[in-house]
Amino acid sequence: MPDYAIALFEAIDRTIGRIYWNRHQEPWDSIQDPGIPGIVWKPFDWTDDSPESSAPNFTFLKARAEFQGLEIRWYKYPGRGMSCNQQWTPDHWCHWYQNCLQHLRAFEASMDHLDRSAKQTVSPDTAHSPV
């Protein structure tokens with residue numbers, strides 16, 4: 001995996017960490033699934049002989065058609081021994097990065113909307129005004 005692609009992926013990793021913090025108010029350790037629909041984040045499988053050990057660590061399922069099929073793998077931790085199954089140009093990687101960021105921002109906006117809606121819920125004590 002080229003250095004520029006690793007740098008873009010590390011920026012995705014940091015963005016996911018920020019979103020995770022905003023949702024859970026605790027740090028994300030980058031080895032657990034952040035629970036973002038459309039993104040598969042699988043920790044490194046320490047058992048070499050399990051069927052899961054050959055599965056990719058990162059897959060962006062909601063990517064546009066031209067970015068489908070990218071599988072990213074790492075050794076033990078994201079950023080270490082990174083590899084992928086595609087040979088893309090730097091321009092194609094930048095477009096993939098933008099597509100992934102758009103997805104993350106849309107997810108974050110939907111979470112913000114849900115948080116605001118929950119805060120605007122009327123409590124039973126104030127639901128009725130005095131007559």
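Glu66 pairs with Arg64 in a salt bridge, with 2.7 Å between the closest N and O atoms. A salt bridge here is a side-chain nitrogen of Lys or Arg within 4 Å of a carboxyl oxygen of Asp or Glu. The model is predicted: local features need pLDDT of at least 70, side-chain atom pairs count only at pLDDT 80 or more, and totals for chains, interfaces and linings use all residues. Residues are numbered from 1 along each chain as its sequence is written, and side-chain values use heavy atoms, leaving out hydrogens and water.

Glu66 counts as partly exposed because its relative accessibility is 41%. Arg64 is also partly exposed, at 37%. Buried means under 20% relative accessible area, exposed means over 50%, and partly exposed lies in between (1.4 Å probe, protein chains only).

The whole structure holds 3 salt bridges. One of them joins the side chains of Arg18 and Glu108, at 2.5 Å from N to O. This pair links distant parts of the chain: Arg18 sits in helix α1, Glu108 in helix α2, and 90 residues separate them. Helices (H or I, at least four residues) and strands (E, at least two) are DSSP runs, numbered from the N terminus. Arg18 has 39% relative accessibility and so counts as partly exposed. Glu108 has 15%, and therefore counts as buried. Glu71 and Arg73 also meet through their side chains in a salt bridge, at 3.2 Å from N to O. Glu71 is partly exposed at 27%, and Arg73 is partly exposed at 25%.

The largest nonpolar core has 31 residues. Such a core is a set of buried Ala, Val, Leu, Ile, Met, Phe, Trp, Tyr and Cys residues joined through side-chain atoms within 4.5 Å. Phe9, Ile12, Phe58, Ile72, Trp74, Trp96 and Leu104 touch the most other members. Two or more residues come from each of α1 (3-24), β1, β2 and α2 (90-119). The most come from α1, which gives 9 residues. Leu104 touches Ile12, Thr15, Ile16, Ile19, Ile36 and Ile39, leaving aside residues up to four places away in sequence. Contact means heavy atoms within 4.5 Å.

On the surface, Ile31, Trp46 and Tyr77 form a nonpolar patch. Together they have about 330 Å² of accessible area, computed by the Shrake-Rupley method with a 1.4 Å probe, where for residues only the protein chains shown count as cover. Patch residues have over 30% relative accessible area and no salt bridge; like charges are joined within 9 Å, and nonpolar side chains (Val, Leu, Ile, Met, Phe, Trp, Tyr) within 5 Å. Trp46 lies in the loop between β1 (39-41) and β2 (58-60). Trp46 counts as exposed because its relative accessibility is 53%.
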